Amino acid sequence: MRTMWRQAALAAAVGALVLSGCSAEQEQSPKPSTTLTKPAIVVGTVCGCSGVSAPTHGRVDDVAQAWAASVNDSGGINGHPVEVIVKDIGQEPSKALAAVKSLVEEDGAVAIVGPITGTTGSWRQYVEEKGIPVLGGVPSDATFLASDNFYLAGSPNPVITYGLAKLAREEGTTKLGVVYCSESPVCADSDALAGKSAVDVGIGYFSVKAAAAAPNYTAVCQTMKNEGVDGLFLAHITSVDVRIAEDCHKIGYEPQFYSSAGAVGNEFMESPAAEGLLFTQSNAPYYDPSVPVVGEAREAIDSYYEGLTDSAQFSAVAFDSWIAGKLFEAAADRAGLTSDSTPADVARGLGEIDGDTLGGLAPPLTYSDTDRSYPTCYYVGEVRDGQLEARDGGNSICLDESDLESEVFATIH
């Protein structure tokens with residue numbers, strides 16, 4: 001029976017979901033291939049490419065352009081170049097719907113590929129009415145569990161958050177605390193989800209919210225210490241998470257730090273306070289080039305933007321943009337897309353995807369009409385000796401049937 005993805009309230013988005021941005025030092029996009037003469041296949045994306053988190057996620061659209069360039073330099077899609085048009089809405093959700101309408105009605109985009117924004121709920125109805133498929137982006141985005149027009153390209157937030165709670169229990173944590181962003185109501189959903197997961201695995205829970213613009217987080221740390229929190233889940237953007245860890249250390253509070261999904265970034269490697277931090281993720285370890293498919297992707301990205309993957313602005317969120325592009329390639333291959341193809345053709349290609357891992361970049365993805373299901377595997381990593389390292393050889397860990405009986409998953413089966 002077709003799995004219906006509803007009840008988005010249970011699917012939380014970590015703080016990084018809504019706080020993405022672009023660098024003021026961003027380089028020019030790679031030049032279009034001069035060897036492809038057929039009309040382009042146009043796709044669009046929306047990002048918060050300016051604003052408070054620009055220092056952390058400022059290269060997201062560079063990764064999208066690197067993906068397009070790599071496709072075009074490899075012959076395009078059935079001989080057609082792919083063109084990615086990025087709409088920057090800053091941190092203003094009021095601009096999101098107009099941006100998506102412009103991509104579809106003015107630019108002719110046949111799909112929205114890799115949106116890195118917390119605004120999907122504001123334009124969900126529009127893309128549903130127009131039949132525009134939305135591919136990839138941040139797997140923790142709750143809209144991907146609520147709409148059949150949105151195609152998840154990694155394990156959703158219920159899976160990685162429940163996995164994090166299991167990890168915390170295994171590490172000996174008795175009370176899990178979470179610090180989540182105050183900038184958007186969607187961030188508060190992570191509080192409910194993490195709290196439920198903690199209870200289900202048998203550990204205590206406490207939470208507070210924090211603003212990215214706060215001068216320091218000493219009060220947050222002191223509150224967590226007073227509450228007896230011995231495992232602290234940092235669920236903000238990476239730069240804020242690092243500041244929280246550093247402020248906690250300053251007052252002698254050193255819990256086991258945890259993080260997950262889009263909140264993980266290279267900045268964790270730059271601070272001694274983040275040493276030993278553990279995290280769960282939705283997709284293959286973007287930070288570990290020893291995983292062949294990851295190494296190949298990083299090499300391709302750096303060939304267009306030298307040093308990008310070693311920068312502080314390369315993160316799980318940025319890599320989600322690359323994975324979304326690969327998902328579009330997979331759909332295009334199955335549908336035989338050309339410049340004359342329609343959004344319905346893209347959706348048809350997606351409907352033929354069954355158990356595809358995109359070469360190992362993602363857990364098995366299935367969108368067939370008879371069995372559209374969400375992935376239930378996650379990846380674990382840690383900060384060790386100033387580096388991000390994959391645990392378990394970079395292989396995924398899958399929830400078992402007893403885990404999936406948790407109420408956390410009851411309304412999204």
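**Close-up 1. The buried pair F144 and F150 in the predicted model.** In this predicted model, F144 and F150 are both buried. The centres of their two rings lie 5.2 Å apart and the ring planes stand at 85°, so the pair is classed as edge-to-face. This pair belongs to a structure in which a search of the whole model finds nine aromatic pairs.

**Close-up 2. The aromatic pair formed by Y286 and Y287.** The rings of Y286 and Y287 are also arranged edge-to-face, with 5.2 Å from centre to centre and 90° between the planes. Y286 has a relative accessible area of 1% and is therefore buried, and Y287, at a relative accessibility of 7%, likewise counts as buried, because the cut-off for burial is under 20% relative accessible area.

**Close-up 3. The aromatic cluster that includes Y286 and Y287.** Ring pairs join Y286 and Y287 with F279, F314 and F319, and together these residues make up a cluster.

**Close-up 4. The packing of helix α11 against helix α12.** Helix α11, which spans residues 316-335, packs with helix α12, residues 343-350, at an angle of about 95°, and the axes of the two helices are 7 Å apart. The two helices are therefore roughly perpendicular to each other, since angles of 65 to 115 degrees fall in that class. On the α11 side, the contact involves L327, F328, A331, R334 and A335, which meet D345, V346, R348, G349 and L350 of α12. Sorted by class, the residues in this contact comprise six nonpolar, one polar and three charged.

Definitions and conventions. Residues numbered from 1 in each chain as written. Predicted model: local features only at pLDDT ≥ 70, side-chain atom pairs only at ≥ 80, totals over all residues. Heavy atoms only, no water. Axes fitted to C-alpha atoms, helices over the stretch in contact; angles between N-to-C directions. Helix = DSSP H or I, 4+ residues; strand = E, 2+ residues; numbered from the N terminus. Parallel < 35°, antiparallel > 145°, perpendicular 65-115°, else oblique. Contact = heavy atoms within 4.5 Å. Nonpolar A, V, L, I, M, F, W, Y, C, P; charged D, E, K, R; others polar. Phe/Tyr/Trp six-rings, centres within 6.5 Å; stacked < 30°, edge-to-face > 60°. Buried < 20%, exposed > 50% of the residue type's maximum accessible area, 1.4 Å probe, protein only.
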